[in-house]
Amino acid sequence: MRLMVSGGGTGGHIYPALALIKALKKRDPDAEVMYVGSERGLESTIVPAKGIPFKSTRIQGFKRSLSLENFKTIYLFLKSVHETKKMIKEFKPDVVVGTGGYVSGAVVYAAAHLHVPTLIHEQNSVVGITNRFLSRYVDRIAYVFDAALDQLPANKMVKTGNPRAQEAAEVVSHFSWQTYQLKDDVPTLLIFGGSQGAPKINLATIAAIPEFNQRDYQVVFVTGQKRYDNVMDRLKDVTVAENVVIKPYISNMPEVLPKVAAIVGRAGATSIAEITADGIPSILIPSPYVTADHQTKNAQSLATVGAAEIIKEADLTGETLIAKADQLMNDDALRQDMAAASKQLGVPDAADRVLDVVLSLKKD
Ligand SMILES: CC(=O)N[C@H]1[C@@H](OP(=O)(O)OP(=O)(O)OC[C@H]2O[C@@H](n3ccc(=O)[nH]c3=O)[C@H](O)[C@@H]2O)O[C@H](CO)[C@@H](O)[C@@H]1O
């Protein structure tokens, strides 16, 4: 099997692709894989670091307003299609899979033009612009939320869940909080704002640190790689107690998550897949800056069954954060109930389900 995968921009599009590759390698150790990403997206560092063959192309997104930049976007897209056609002819994939982000638009479009079988994976309840465009050309569309069904061609749709859920569910974690100078027998609250960090979550957490310092539970605050210096700057005159640890990024999230008592975070689709696969209680602060407010829909799917609490970003302050965090962290029974509800929503075999579809597309 020769699989070409593309997805990029943010972690939410990259990690499902990596989980699919992992599942393929497990089933077929001789499979050859090529990942095509954008030059500047997170994938250009995350993917090569995993030892996966990686090629890049330059591409950018459309501006919502009418702008000259959009001509450059179209030019880069066409150039990218041309470049990736060459990569496809060279690598000769049996199937090409796109997991979202602009770069997958060029790669999957090029593959469809060359009559290579194609599949896209839609992680969200509201379909992204790239997948909406690609849906006309691809052979199959793997999806997670039923809400996506009426936005895409019904005859191509296969419900699979998010492959990252399987990676999260299957991991045998040997992670110890001692790596972070924390204790293994104290409940730990993990705070992170998606793959890039979220300024409002960071500000509320900074405001809450004097209170977190006095709690019996531990707090791991992940700022986002690019926002770490800014956070540390704001904290230069603030005492941070031993039970609070601040990190720019966690690169081994599947190992860390099983050791977490509760999460405060955004409601990105891939984060949610992990949270439910592991059955972790959460306080979700949906990003109001995403297409059609889809993170609120994602978060509601957990909140309605008692798996998560929601704080609207507009209501998020140090005080509201502390109040909800205390409620959850000081009540073991509540956390257990939420954990059970969360786990009910998980799809722990999602990577195999996507892989089955991929393999069914391979021509003999
Ligand atoms: C602002 C934005 O456009 N967000 C979108 C983006 O979110 P984003 O890229 O933030 O994606 P998600 O929240 O879905 O997933 C984040 C991923 O990054 C990982 N992670 C995060 C922090 C860290 O320190 N280490 C780490 O490994 C998480 O474990 C998870 O696997 O893609 C998602 C999936 O299409 C969408 O639902 C989100 O709406």
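I began with Lys55, which counts as partly exposed at 30% relative accessibility (buried means under 20% relative accessible area, exposed over 50%, partly exposed in between, with a 1.4 Å probe and protein chains only). The model is predicted, so I noted that local features need pLDDT of at least 70 and side-chain atom pairs count only at pLDDT 80 or more, while totals for chains, interfaces and linings use all residues. Residues are numbered from 1 along each chain as its sequence is written, and side-chain values use heavy atoms, with hydrogens and water left out.

**Entry: Lys55 and its partner.** I looked up the charged partner of Lys55 and found that its side chain meets that of Glu90 in a salt bridge (3.3 Å, N to O); the term stands for a side-chain nitrogen of Lys or Arg within 4 Å of a carboxyl oxygen of Asp or Glu. Glu90 lies in helix 3 (residues 69–91) and Lys55 in strand 3 (residues 54–57), so the pair ties together parts that are 35 residues apart in sequence. Helices (H or I, at least four residues) and strands (E, at least two) are DSSP runs, numbered from the N terminus. I recorded Glu90 as exposed, at 56% relative accessibility.

**Entry: Lys200 and Glu313.** I then turned to another salt bridge, in which the side chains of Lys200 and Glu313 meet (3.3 Å, N to O). This pair links distant parts of the chain, with Lys200 in helix 7 (residues 199–212) and Glu313 in the loop between strand 13 (308–310) and helix 12 (318–329), 113 residues apart. I noted that Lys200 is partly exposed at 40% relative accessibility, whereas Glu313 is buried at 9%.

**Entry: other salt bridges.** My search of the whole structure gave 16 salt bridges. Among them is that of Asp349 with Arg353, whose closest N and O atoms are 3.1 Å apart; Asp349 is partly exposed at 35%, and Arg353 is partly exposed at 33%. I also found Lys22, Arg164, Glu167 and Glu274 linked in a network of salt bridges.

**Entry: Thr270.** Last, I looked up Thr270, which is placed in helix 10 (residues 269–278) and is buried, with a relative accessible area of 5%. Its side chain makes a polar contact with the side chain of Asn162 (3.2 Å); by this I mean a pair of N or O atoms within 3.5 Å, where within protein one must be able to donate a hydrogen and the other to accept it, and residues adjacent in sequence count only if both atoms are side-chain atoms. Leaving out residues up to four places away in sequence, Thr270 touches Gly12, Tyr15, Pro16, Gln123, Asn162 and Arg164 (contact means heavy atoms within 4.5 Å).
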